[in-house]
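Here's a quick tour of one model, written for someone who likes the cut-offs spelled out. Have a look at the sequence and the structure first.

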Amino acid sequence: MTVDRDDPTHPPLDSDSAGAMGGSERGSAVSGPTSQSPTGELELPDMRLRSLLGHFGPGVILAMTGIGTSHLVTAPTAGGRFAYALLWCIPVAYVFKYYGFEMAFRFTNATGKSLMEAYGTAWKKWPLWYVLITTVIQSALGQAGRLIAAAAVLYYVFTTWLGLPESYRLPVVGYELSALTGYATVLGLTSVVVLLYGRYATLERFAKIAGGILALTTLIVYFVRPAPLASFSNFVSFETPEGSWLIIAAFLGLLPTGIDVSLQASEWGKAKKKGMSLIRERLESEGHAGRFDPFQPRKEDLSVRTAGMDAHSREYCRRWFQIGLWDFRIGHVGSFILACIFLLLAAVWLYPNPVEGQAVMGEIARIFTESVGPWMMIVFMIGAFAATYSTAFNYFDGWPRIVAACSRNLFRGTARVPGVAREDLGEEHRSTWFSEYNIYRATMFYSLVTSVLIIGGLPRPVYLVLVASALAYFVAPVIFFLNFYYCLTIIPKEDTAFYPSTFARWFGWLSLIVFTGLSAILVLARLFDIPLFGA
């Protein structure tokens, strides 16, 4: 029997498996076995099931990054406003965005390089300029949408529930600061300080535990009063009720998360130094790969000719590739299930409800308090805060990292002082204003200031989340195409362990066409007021 390399129903021990998605919002999040044994020989990761679970992390964390604004705000808003009508959006987003994500990690695992280097090989480096401009916009508007979701949790707890003031007058300037904006400012400042000066591991561990509590309690609440079986017909029934276009765009843009996150994860995958990224320099010195120059960029210099590698090194890279693939698949499926459950719960417990306002988290928390009891409010708020804050926190690192990576491949001065990892930094990195590290820091502060200003001028959590999510959707088709194109043109076709299979190529092209077509339809429908499907 012939097994397709990309068939997710077959276990990772199949030696022909290919694909990868092990990225996270922080590349240092996952620890695996030591990459090299004391003798200097590469140590192969154990592929037994028990050990595989220990290797997992990046894909699961990627899923947890999405379980923030999209799951806790967009899905309940859809269910509360339109019941089950928009359920079809969730499988469409997860199925047709799959290869947009996977191709990013396939590339990094196959070359040991970031996709940002591949983008630099295009004519006039236009993809880098495109990503740079859209990321600068996302760093402001997109971050406002993520940050206000976390602030909305604190607003409900401290202002609505505990009765603290809705605004505060600043003593020196006399400015009236809303509580929501104040919470957003504190959360943003905390994120920046921890990223630049603190330790991330403790905070991340808290987020994973609290997020796990949220997932478990959500499953329990669902089975208290599950959605009727007839509602599942909406998975294949395409309806677009009046006023739903922004939620549809938000679903397709931010489930499981924005495709632009694949670029962030590609950077983290390169920095993680596992698999191909660990031995890339050695392969260059042995002649199995070229030395890439971002200012004389050639696609062939990014390729790795694995046929000439020793069998042990090939097996080492292949195993880490498989681990990343199954890590992603498990996180992807788990994220899909939770998104469906949040919409179904809102349809059962909230509909009809506009689900809006600064106390939106209180509305969503009603699902838990009315189904189980008032004590569930505390459990939900802990999990909701962990999920939304970890999302905002990770984007404070991710978007500045992409702006810095673009600069590294666009400007010679920045390329001479590369690196943002703390262990790689020296005095020159900190003192040279155009170093990659200082561009990373400057973008982080820009993201903090602009997102807080946007929240202060437009303190509407649900609307900001939906707009930010829709923006991610309209940016996504270009990123999807570029990720797919560079995998097909840089990874050698004869490299069957990494090159996309026939199924991946055909379904990848189909996904890109469907995804781009839906983008065009939504834009045209909005501009010319054209009813869609069953509207």
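## Aromatic cluster

Which residues form one aromatic cluster? Phe96, Tyr98, Tyr99, Phe503 and Phe507 do. Before going further, note that this is a predicted model, where local features need pLDDT of at least 70, side-chain atom pairs count only at pLDDT 80 or more, and totals for chains, interfaces and linings use all residues. Residues are numbered from 1 along each chain as its sequence is written, and side-chain values use heavy atoms, with hydrogens and water left out.

The structure holds 22 aromatic pairs. Rings of Phe, Tyr and Trp (its six-membered ring) pair if their centres lie within 6.5 Å; planes under 30 degrees apart count as stacked, over 60 as edge-to-face and the rest as tilted. One of the pairs is Phe385 with Tyr389, which is stacked at 5.4 Å centre to centre, with 10° between the planes. Tyr389 also pairs with Phe393, this time edge-to-face, at 6.0 Å centre to centre and 70° between the planes.

Why are Phe385 and Tyr389 separated by about one helical turn? Because they are 4 residues apart in helix H15 (residues 376-410). Helices here are DSSP runs (H or I, at least four residues), numbered from the N terminus. Tyr389 and Phe393 are likewise 4 residues apart in H15, about one turn of the helix.

As for burial, the labels are buried (under 20% relative accessible area), exposed (over 50%) and partly exposed in between, using a 1.4 Å probe and protein chains only. Phe385 is buried. Tyr389 has a relative accessible area of 7%, so it is buried, and Phe393 counts as buried because its relative accessibility is 1%.

## H7 against H18

Two packed helices are described by the angle between their axes and the distance between the axes. For helix H7 (residues 126-161) and helix H18 (residues 436-457), the axes come within 8 Å and cross at roughly 55°. That makes H7 oblique to H18 (under 35 degrees is roughly parallel, over 145 roughly antiparallel, 65 to 115 roughly perpendicular, the rest oblique).

By class, the contact of H7 with H18 has 10 nonpolar, 6 polar and no charged residues.

## Arg412

Arg412 sits in helix H16 (residues 412-416). Its relative accessible area is 52%, so Arg412 is exposed. Arg412 and Phe295 are 117 residues apart in sequence, yet 7.7 Å apart in space, C-alpha to C-alpha.

Key:
Axes fitted to C-alpha atoms, helices over the stretch in contact; angles between N-to-C directions. Helix = DSSP H or I, 4+ residues; strand = E, 2+ residues; numbered from the N terminus. Nonpolar A, V, L, I, M, F, W, Y, C, P; charged D, E, K, R; others polar.
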